[in-house]
Every structure is written in C-alpha cells, then in structure tokens.
Amino acid sequence: MDRSRRRATKPPDQGTSNELSGEAHPQAVQPASPQTDQKMVSFLTGALSSAEVDQVQEDIRTKLTSLSKINTEMKRTQTKLDKLAEQRQQLKLEVIKDRWMLSTLRLFPNEVLSIIFECYVLEDDKNDPWVLMHVCRQWRLAAIHARRVWSRIMVTPYIPYVSRGLPKRRYEGFEVCHKAEHLQNALSRAAGSPLEVRIDNCRRSTLSKNAEATLRSLFQVLQRSNAYQQIRWLSTENSTHDMIKNVSFDGCEFSMLTTAWVTTSTSNLNQRIEKMAINLRDLRITQSESDGIAWDLSKLRSLATLNIQGAYGQRHGQEIYQTISSSLGLVCLEICDCSVSRSEGSSPVSIPTLHTLRLTSSKLNCKFDLPQLLELILKSSTILSSREDPLILLNINLLEVDSPPDKSSLCIRATSVRDVYVQFRSRHGDKHAIGDALPAEIESLLMDSIKPGRFSPKILHIRWTTVDSGALVHFLNAIPDLEELDIGEGVSLTKPFYEALAGCTLPMKSQTKYRVPVCPSLKRIKLSLHAIYHSATLASMTKWTALALLARSKGSYPLDESLFQESGGQW
C-alpha cells in the first residue's frame with residue numbers, strides 16, 4: 001500500500017518539463033499558486049464574480065499604495081543625493097580656494113598678469129584670450145584689464161567659419177566684428193588702447209545687399225566712438241573697392257596711425273590717410289590690376305619704410321617713380337613685382353636718407369641717387385640700370401643677390417662694400433635643388449663685380465649655387481682681404497678648393513710644403529654640408545674639410561673660429 005501510494009503521488013518527469021521550458025536547472029521551475037490559477041481560469045472561461053472583482057480592485061489599490069510609498073521614498077532619497085552632490089561640489093570649491101590661498105601665484109598683481117597675458121596672446125595668432133578668462137576669477141579680471149589683448153579688431157560684413165561650419169570668434173589673431181553690437185563691445189574692451197584694425201572682405205569679391213548695410217553700420221560705430229583717432233595699425237589689403245566706396249571718411253583723423261597696409265582699390269580711404277596720417281612711419285601699398293599707385297608722400301614727413309607690391313609691367317611705372325620721388329625721409333624702400341620708369345628729362349630719384357633698398361622681381365629704368373645706402377638686396381632676377389650708367393654706392397656694407405641674375409643685375413660701383421651674400425636658387429623655385437645657373441655665368445658675374453672700382457668685400461656668403469671650385473678659388477684670390485667666408489646649403493665643393501684653403505696638397509705628408517693659402521686674412525669660416533644628398537660627395541667633403549682646417553693651422557694661417565655643419569643640420 002505504501003509503495004502504490006508513493007507511486008500514485010509521484011510528480012511528473014521534471015526532465016521533460018525542463019526541456020519544454022528551456023530551463024537549465026529543475027529548481028528554476030516554480031509551481032503556480034492555486035489562487036492565481038483559479039483567477040486565470042475564471043478570467044479565461046467566463047466573467048468574474050462580484051467577490052472576485054472586489055478582490056482584484058482591492059489588490060490594485062494595495063499595490064498602488066505601495067508604489068506611491070516607493071516613489072515618495074525615491075524622491076526623498078534623490079533629494080538627499082542632490083544635497084550631498086551639492087555639498088561635495090561646494091567642498092571641492094572650498095578646497096580649491098584653500099589651495100589658492102597657499103599658492104604664490106595669488107601674490108601676482110593683476111597688472112603683472114595682464115602684461116603676461118598680452119605677451120601670450122600677441123606672440124601667436126592662435127592663442128585665444130577667451131580661454132584665459134575661464135581659469136579663475138582673478139585671471140578673468142586680469143584678462144579684461146589687459147587692454148592690448150582686445151586691441152586687434154577685424155571689421156567685416158561676413159563671418160569666417162571653421163572647417164566644421166562653426167563661426168569663428170577670432171580669426172588670425174583678430175576679434176571678428178560682423179555686427180555693430182559686437183564692434184561696440186570690442187571697442188569697450190579695448191578702452192582707449194591703440195587699436196589694430198583690419199578691414200577684410202573674407203576673400204569675397206562682391207558684397208550682398210545685407211552685407212552693405214552691415215558694413216555701413218560698422219563704419220558708423222567706428223566714427224561715433226572716435227575709433228579712427230585710436231588706430232595705430234590699419235590693413236585694407238584684403239578688402240575691395242565695393243566695401244568702402246560709399247563710406248565717407250571726412251572728419252576722420254588718423255593722428256595715431258603709424259603703420260598702414262593698403263590697397264590701391266580703396267582710393268577714398270587712401271586719400272584721407274595721405275592727408276591726415278602725419279605720424280605714419282610704415283606704409284605698404286598693394287597695387288591692383290586696374291588701379292595705379294599715385295601717392296603724394298611729401299606730407300608724410302615721418303614716413304621711414306615704404307613697401308610697394310605691384311604687378312610686373314610698364315603700365316604704372318611712371319606713377320611709381322613719382323610716388324618714390326615724393327618721399328623725403330625714407331630709410332627702407334622695398335619694391336616687388338614693379339617696373340619703375342621715368343619720363344625723358346626727369347631728374348634721378350634722390351633719397352639722401354635711404355639705408356636699405358630691397359628689390360624683388362623688379363626692373364628699374366631710372367637712375368637713383370642714394371649716397372647713404374648701406375644695404376642692397378636683389379632677389380628674383382631684378383634688373384638695375386644699364387652698365388653705361390651704373391648705380392654708384394659709396395657707403396654700402398651689404399650686397400645680397402638671390403637667384404641666377406642677369407649680367408646687368410650687378411651694375412653697381414661700391415668700393416666700401418663689406419658683406420656680400422650670394423644665393424642662386426633653382427629657376428623652378430625648388431629650394432632643395434642646387435641652382436641651375438651655369439658656373440661660367442656665375443664666375444663672370446662675380447669676377448666682373450670685383451674689378452677695380454667695384455668692390456672688395458670683407459664677408460662673403462654663398463648658398464644654393466653650382467659655382468665650380470676652380471672658379472670659386474679664382475674669385476677668392478681676387479679678394480685677399482676677405483675676413484669671413486660662409487659657404488652654406490647646397491654648395492658642392494671638390495678637392496681643389498680645400499687644397500687652396502689649406503695652402504698645400506692634400507692629404508698632408510711629412511715633407512709637405514706650405515704656401516700662402518687663399519684669403520690669407522681669413523679669420524672666420526663656416527662650411528655646411530646640409531642639403532648635400534649625394535653620399536660620395538658628402539663623404540669626400542667631410543674628409544677634406546677636416547684635413548684643410550688642420551693643414552691651415554699648421555701652415556701659420558690659423559682661423560679664429562671655424563664652424564662645420566653636418567648633413568643633419570647641427571653645427
């Protein structure tokens with residue numbers, strides 16, 4: 001009986017139930033309660049009785065009450081967490097303040113911090129002063145009172161964007177002001193400090209109607225705030241005539257303006273600067289294709305530096321000549337991509353105070369009278385006067401020649417020149433390629449320059465040229481008073497040069513006979529192997545350089561200083 005009863009009450013096979021339910025363990029299967037089964041059966045088979053409905057509603061009310069208590073407890077707990085988080089943040093701030101009290105940086109006066117911020121922002125256009133204002137309260141106050149930090153302002157009707165389409169607050173070191181309120185705030189931050197103003201069209205050739213209205217409002221802000229009187233540096237090189245053609249500058253004074261970079265297309269502004277900028281010292285004029293350079297510099301008595309950037313050709317040569325002739329006290333004159341010519345019967349250009357003349361890709365068809373010129377720099381095949389009428393320079397100290405020149409490039413007569421810098425680059429503009437001028441042309445050019453009555457330099461720099469070693473030795477023998485020789489990048493030298501420098505046959509032997517070396521008065525020499533890419537040439541130059549310097553010292557012609565640069569660039 002007991003066995004039959006146990007077999008009758010035996011539960012069904014749990015392994016089969018587990019397989020059907022997908023459970024891995026038999027303990028995971030929980031049997032349903034009878035009450036739940038009864039409710040589900042009643043719900044599925046028919047309507048609930050009134051007692052069952054009351055029971056279900058009572059269960060719902062009980063569970064809703066429990067949910068309400070749980071929500072209330074969660075809100076109470078969240079409120080406590082928020083208070084704890086606030087207390088934690090407050091404690092962090094107090095710790096920072098306590099550490100700040102121990103820091104020696106707080107002893108810095110705001111005036112000193114302001115000077116540091118000015119140096120930081122002004123030395124690199126990428127340094128943003130707005131970042132400094134987010135460090136702490138003291139730095140914010142110091143940055144606000146650093147007036148020079150906010151003195152660079154860009155006036156533009158357009159917004160410069162970054163690559164992701166976000167507007168820039170600062171662009172190339174200037175505060176972008178494309179709205180009147182932005183400009184007013186920028187001027188307020190500058191607070192009377194000398195301004196650097198850049199009028200820019202953001203590389204657009206035309207203006208829209210909205211842009212014209214915006215630009216008028218910006219210029220009105222400048223005029224109402226008397227900002228023109230505070231401008232120390234002004235640039236309109238990236239602007240167009242459409243930007244200011246309808247702007248009146250009557251009554252605008254540029255009494256503090258010392259540097260102006262202008263374009264010939266903004267003629268109405270240029271005329272005002274020409275009349276009112278009495279303290280202007282640096283003027284750069286960029287010539288457009290359709291406008292000539294017509295400036296009367298006689299009123300700008302403080303002007304010391306004039307830079308003319310033009311289009312190469314004969315179109316406005318006489319206007320450039322008249323502009324240069326009207327200058328009275330120039331110290332430095334730079335002419336690039338221009339052709340300067342004068343009409344028949346005109347007198348030579350006389351600038352008695354000029355010290356530096358830099359010519360780049362230019363042609364001078366007029367005579368200059370420069371008695372005090374100290375530096376003459378010729379770049380990119382500049383052509384001077386004809387050989388029949390050479391440029392007479394009595395006090396020149398530096399002559400620099402860049403790129404393979406025409407034979408007329410050195411039509412000068414200068415007996416007191418001290419420093420000659422020769423750098424012949426490739427005609428294709430490749431700095432790392434050795435110049436493609438023929439050695440015979442360079443030798444003829446250099447030898448013609450040191451004829452009696454020309455010049456005898458004390459310092460000679462040679463870079464990026466294919467001058468032959470024999471030609472170089474022949475040239476150096478003609479200037480025995482040379483005191484410093486600098487042979488830089490891209491110059492390949494061979495054994496004859498090093499033997500001439502050593503004054504003996506290399507390599508030295510026990511019975512070597514010494515002779516007078518090239519440039520016996522030489523005191524300082526710099527030899528560079530940088531940009532010599534041929535391995536055999538590099539090895540031989542390294543070998544002969546060491547032997548030549550050693551032999552020269554043994555031959556009673558030692559050098560005060562000798563510098564040798566390896567191919568890696570280190571001296």
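I'm reading a predicted model, where local features need pLDDT of at least 70 and side-chain atom pairs count only at pLDDT 80 or more, while totals for chains, interfaces and linings use all residues. Residues are numbered from 1 along each chain as its sequence is written, and side-chain values use heavy atoms, with hydrogens and water left out.

**Entry 1: H8.** I looked up helix H8, residues 180-190 (helices are DSSP runs of H or I, at least four residues, numbered from the N terminus). Leu183, Ala186, Leu187 and Ala190 are buried there (under 20% relative accessible area, 1.4 Å probe, protein chains only). Down the axis of H8 they fall within an arc of 100 degrees, so they line one face of the helix (the arc is taken from directions between the helix axis and the C-beta atoms).

**Entry 2: H5 and H7.** Next I checked H5 (residues 110-122) against H7 (residues 137-144): the angle is about 70 degrees and the axes are 8 Å apart (axes are lines fitted to C-alpha atoms over the stretch in contact, and angles run from 0 to 180 degrees between N-to-C directions). That makes H5 roughly perpendicular to H7 (65 to 115 degrees). Asn110, Leu113, Ser114 and Phe117 of H5 touch Gln138, Trp139, Ala142 and Ala143 of H7 (contact means heavy atoms within 4.5 Å).

**Entry 3: H14 and H15.** Last, H14 (residues 469-477) and H15 (residues 495-502) pack at about 25 degrees, axes 8 Å apart. That makes H14 roughly parallel to H15 (under 35 degrees).

Technical notes:
Buried < 20%, exposed > 50% of the residue type's maximum accessible area, 1.4 Å probe, protein only. Helix = DSSP H or I, 4+ residues; strand = E, 2+ residues; numbered from the N terminus. Parallel < 35°, antiparallel > 145°, perpendicular 65-115°, else oblique.
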